[in-house]
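I opened this entry to note what I looked up, going from the chain as a whole to its cores and then to one pair of packed helices.

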Amino acid sequence: MGERVDDGELERLVGMAAEVLAGGPGTFDQGWDRADFVDWFERHGMYAVAREVGTAGPATDRSGRGQAFWRNRLREAIRATPGSEKDDALRSLVAQLAPASPPTPDSGDLFDFREGTFNGQVIGVQTVHNSYAVPAPDGTQPAASAWLLAKDVEPLTHGVRPTRRMKGLPVLPPYVRRDQDDAINSAVGQARSESGLVVVLGQAYVGKSRAALAAMAQVLPGHRVFAPARNEDLRELPALLRGRAERCVIWLDDLDGHLGGRGLEPRLLSQLSALEAVVVATMRDEAYDKCVGTSAHGRLLDLAQLVELPRTWSPSELERAERTGDLRLIEAVRESGTVGVATYLAIGQRLWNDWRRARNPQRHPRAHALVRAAVDLARCGLTGPLPRDLLVTVHDGYGIAGLERESLDDAWEWVGRRRYGSLRMMRCSDRETRPFEDVLPYAVRTAEQNDRETGPFGNVLPYFVHTAEQDDGFPAVAGWVWGQAVEAARADPSAYDVEGVVAGARAAYTGEAEAGDRSAMHALGLLERRQGEGEKAESWFRRAAEAGWTESAGHLGRLLVERGESREAEPFLELAAEAGDHVAATLLGTLLRDRAFQWFEAATESGSPQAARQLGDLCLAAGDLIQAENSYLLAEQQGYAEVARSSGMLHLLCNGHGAAQVWLARAVAAGDGPAAELLAHLGTGPQPLEETRGRFSFSEAYPLDNAHYGVVLEEQGEPAEARRYYERGYQVGDSYAAYRLAALLDKQGKSEEAGVWYRKAAEMGHPAALKAVAERPRTPDTVKE
C-alpha cells in the first residue's frame, strides 16, 4: 500500500478542507465539488454530516469557530477509518480534495490580495480554475506522480459502497472474481494499447466500480490514476498530461457526472488517446439509456467499449464468494437470491443506516420498533415469517418515545417500502393470498407455509439480523422477548425449531441469572418447568425467591405442594400471596383449610365443642352434610349454643324449615347478624310444627333442645308446658331458655315475673336479655333488689 501520511501532513489537509467547508457554497466553484465531500463523509460513516454538506450546504462562516467545527468533523471521519486503510484514504484525500495553492499573478488563476492595503472597493476576477495538482514553487505544474498508482487505489474512496464492518476482517470483503472480469480486463487491455474508453455498465449497486477498479489494478497496475470530482472541468487535462513520461488512467465513476461542455466529449477523448491515457468509467443502465439518445453524449458512448455487469450472480460466482471464507460474503450468498451479492451487501448497509436513524421520535419510531422486534425474534431463532400480532406485541415492549405520532399502518408501510430499487427492510403481508414481488429467499413462502399461515405476517431482511448479531454495541435480546419467542415456537412447532429456541433462551437467561438478575432466575424456572425439568425449575425458583422475587416464591410453593411438601410450601405461598398472587393465596387457603380440618377433627375427638362446630362448618362447605350434622350434634350435646346458626343452616339445606327457624331464632337472640338475615329470608309464616316437635321432643341428651321444645310448645298454644321446658333448660345452664321464659311471661302480662327472668338470663350473659333489662323501666322492687 502507499506511503503513510504523517501527522503534520494530516493536519495540513484537515485545515485546508475545513477552510473550504467553512467558506460556503461559493468555495465549491473553485474546483471543490460538494459531491466529493458528501461521498467522502459517507464512506467514513458520517451520514449526518454528509447530508449537511449535500443539502443545506456548509456554514458560510469563515471564522475560527466555523473552521473548528469542520476540522473536528474531518478528524472524526479519519479516526473512523481504522487500520492500514487509513493511509490510502488520506492519499486519496490528497489527490482529490487538496486545493491549489495561490499561484503567482503570472498564472492567471488568482490575484493574491492577502498582503495588500486598500482604501476603496476592490474587485478580483478569477477566470481559470483547476485542481489537478499543487503547483511547484517555481510555478510549473508538478508531475502526475502525485497521483496514486492503479494498484494502490483505495476502493472506498473511489466509488465502492461500504458494507458491514466486522472485527478482525478488512473494511471491505475480498474482491470476488466476476464472470465478466475477462471481458473487462480485455477491454481495459485493448484500451491500454489503443488509448480508448471502457465503460462498465449495469444497474445500481451491482459492483461496477469494484469490478472496474480491480481490472485497472490488474491490467494497469503502474498507471497513475486521476479521479476528478463530478462536474469537474477536464479541459485542461491534456495540457497537464502532455510530456509526462508516466502513463495515466482517468477514472470516471458514474460517467454521466463527467459529461458535457467541461467534461468528457469525443474531441477531449481523442486528445487523451493521443497522449496514451486510458479512460475507465462506470455507468448505470438508466443513465446510459438517457445519454445515448443525445447527439453529443451518444457519439462519445459510441466510441466506448461496453461491458455489462449483471445484478444476479452465477453459480460459479457464488461458489467463489463462499470460498473466500469472509462471513459477509457467505451470508450474502445464502440470502441474496437474484438480487445479487453486491447489491445485497451495499443496499443492506444503507437500509441498516436508514433504520437506525428512524428511531428518532420525529422520524419513524414505531417502524423502527417493528423492525427491532423482528430482528430480536429472529435472533431468538424464529426464522421465517412471523405473525404480525407477535411483532406488534413485542414492539410495544420497547417503549420508544414518539410511538403515538405514527400509526401502525404507516409504520407497516414504511418498513415494507422498496428502497434503492431493490430491497425492503421487511416484507409484510396483510392476507395469505397477497402476491409477493420480492425474489429474495427471505420473501419466498413455501407451500407448507401457505397451508399453515392464515393471518398477516412479516419477516425482516436477513442482513439486519446478521448485522445485529455481529455488532457488539447492539443490545442483547431482552428476557421478555425470549419468553415471547419460546411461547411462539411452542404454539407452532411445525414452523419453528422449538428446541433451538429453548436452548437459546436457556443460554441467555443463564448468563443473566449467574450475574444476579432475579428476573432471569425466575424466567429460567418457568422455562425448565415447562420442559419438565422439575428439579432445575425448583432450584431457580428458590434462588429467585430467596433473592426477593415474590413471583418465584409462588411458583416454588406450587412445585413443593405438587411434590407433597405442603408444610415447606406454606411460607413461600404466603410471601407470594401477600404480594398479590391470587393463585398462591388460593392454594395457601386450601392447604390451611385442609390442615384446619385435620386439627379440628383431632380437637373434636378430644371433646371440644368449638372444634366440633368448626369441623361441621368445614364439612358443610364441602357438601358433606352427614359429617356436618354429626359434628353439630356433638356440639349440641355439650350445650354449645354458638352452634345455633350452623345447625339452622344445615336444617335449611335439608328442608327442615321449622327446625331451622328455631335454631336461627336462638342465634338472632344471641346477636348473630348473619342468622338474622337468614331468618328474614326464611320468613315468619306457618311452619310444620308437628315435624319440628318430633325433632326436639327427645331433648334429654341435648340440653339446648329443652328451650327449642319449649318454643315449639309455645307456638302450638301450650304455654304451661313450654314454661316447664324453659325452666328445665335454665336448670341445665341455657341462658336462652331463661330469656324465652321471660319473653313468654311478658306476653302473658306478667311483667314483674318477666323482669325477674330477664335478669336471670342477663346474669348468664345472654345478649338479648341484657338489652331487655337495660330498656325496661326501673321499679322500686328492682331498685331494692
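I began with the secondary structure, and in this predicted model I found 38 helices and eight strands in the chain. I then looked up burial, and noted that 48% of the 785 residues of the chain count as buried. For the contacts, I took those between residues at least 6 apart in sequence, and of these 66% join residues at least 24 apart.

Next I turned to the nonpolar cores. The largest has 72 residues, of which Val371, Leu377, Leu382, Met426 and Phe464 touch the most other members. I followed up Met426, and, leaving out residues up to four places away in sequence, I listed its contacts as Leu370, Val371, Ala374, Leu391, Trp412, Val415, Gly416, Gly458, Asn459 and Val460.

Helix H33 covers residues 705-715 and helix H35 residues 735-747, and I noted an angle of about 20° with the axes 9 Å apart. Angles under 35 degrees count as roughly parallel, and H33 and H35 are therefore roughly parallel to each other. The crossing in which H33 passes H35 is left-handed.

Which residues make the contact? From H33 I wrote down Ala707, Val711 and Glu714, and from H35 Tyr736, Ala737, Arg740, Leu744 and Lys747. Sorted by class, I have five nonpolar and three charged residues in the contact of H33 with H35, and no polar ones.

Conventions:
Residues are numbered from 1 along each chain as its sequence is written. This is a predicted model: local features need pLDDT of at least 70, side-chain atom pairs count only at pLDDT 80 or more; totals for chains, interfaces and linings use all residues. Side-chain values use heavy atoms; hydrogens and water are left out. Axes are lines fitted to C-alpha atoms, for helices over the stretch in contact, and angles run from 0 to 180 degrees between N-to-C directions. Helices (H or I, at least four residues) and strands (E, at least two) are DSSP runs, numbered from the N terminus. Angles under 35 degrees count as roughly parallel, over 145 as roughly antiparallel, 65 to 115 as roughly perpendicular and the rest as oblique. A crossing is left-handed if the near helix is turned anticlockwise from the far one by less than a right angle, and right-handed if clockwise. Contact means heavy atoms within 4.5 Å. Ala, Val, Leu, Ile, Met, Phe, Trp, Tyr, Cys and Pro count as nonpolar, Asp, Glu, Lys and Arg as charged, and the others, Gly among them, as polar. A nonpolar core is a set of buried Ala, Val, Leu, Ile, Met, Phe, Trp, Tyr and Cys residues joined through side-chain atoms within 4.5 Å. Buried means under 20% relative accessible area, exposed over 50%, partly exposed in between (1.4 Å probe, protein chains only).
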